[in-house]
Amino acid sequence: IKHNDILVFKNEPLAPDYFIKRCVALPGSDFHIVDGKIFIDGKSALTNELPGIKSNYIVYVNRPDSFGKLIDSLQIARHFYLQWPQGNQWELSLGNRDASAIKLSAYVDSMHIKVHPPDADAWLSPYGKRAVWSIDNYGPVKVPHKGWSTPINDEMINLYFETIRNWESKAIETIDGKHYVDGEESLTFTFENNYYVFMGDHRHNSIDSRMWGFLPEQSIVGKATNVLWSNDQNGIKWKRILKRIK
């Protein structure tokens, strides 16, 4: 398993169905999202530059009619249209390729990724970080790996409580300032599994590790290589069928 692999996995008990997402962080990595951009071990991830990665953008336009024709020609869905006193503001879901093209348009004054503020995402994991993290500003956090032993303290429990409960099958708690694992006082915790971080390519329309946490290696089924079938409410998406997944 490598960075940017598209993998199929099961995430029980969250759901009995199969999921397919991009692997964006490996066991032992330091994972961080800053204003929607992924950083691994302090360096900008190559994932950020992939042409198909989508985010919601706020776009300020000076000629709405002409700009509307432009995005229609690019087959970009209009999510919202808002009239503000300062000018015309649009919210669009854009891949990197389309965002680069639109940024050069004479109809665009400025644009930026719509960044979710802290405490805006009710499903965010870990629970203890919802007040300070969001899906666009997340971490930094170390991805657990097999054999990693870490001191138990309040911050460690905040970060890894759900992982330890759901996937390590251990009970961890604090009583009178002391930490216990399965009822025994403990100063450290050693992880028994390798874990990965998964994200969808549509950053603002994906249920992924930002919501349900790290995924253990044993839940991964395999790699996805080709699209066999694709359709939506508008019908069959012929351009995607039998295409290789990148």
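I count two rings of Phe, Tyr or Trp (its six-membered ring) as a pair if their centres lie within 6.5 Å; planes under 30 degrees apart are stacked, over 60 edge-to-face, and the rest tilted. By this rule I get 13 aromatic pairs. I am working on a predicted model, where local features need pLDDT of at least 70, side-chain atom pairs count only at pLDDT 80 or more, and totals for chains, interfaces and linings use all residues. I number residues from 1 along each chain as its sequence is written, and side-chain values use heavy atoms, with hydrogens and water left out.

I looked up F9 and F198. Their ring centres are 4.6 Å apart and their planes sit at 35°, so I log the pair as tilted. F9 is in strand β1 (residues 6-11) and F198 in strand β16 (residues 195-199), 189 residues apart. Strands are DSSP runs of E, at least two residues; helices are runs of H or I, at least four; both are numbered from the N terminus. Both F9 and F198 are buried (under 20% relative accessible area; exposed is over 50%, partly exposed in between; 1.4 Å probe, protein chains only).

Next I checked F19 and W212. The centres are 6.4 Å apart with planes at 70°, so this pair is edge-to-face. The pair joins strand β2 (residues 15-25) to helix α4 (residues 209-212), across 193 residues. F19 is buried at 15% relative accessible area. W212 is buried too, at 13%.

I found one aromatic cluster made of W148, Y160, F189, F191, Y195 and F214.

Last, charges over rings: NZ of Lys or CZ of Arg within 6 Å of the ring centre and within 35 degrees of the ring normal. K142 has its charged end over W148, 5.4 Å from the ring centre. K10 lies over the face of Y18, at 4.8 Å.
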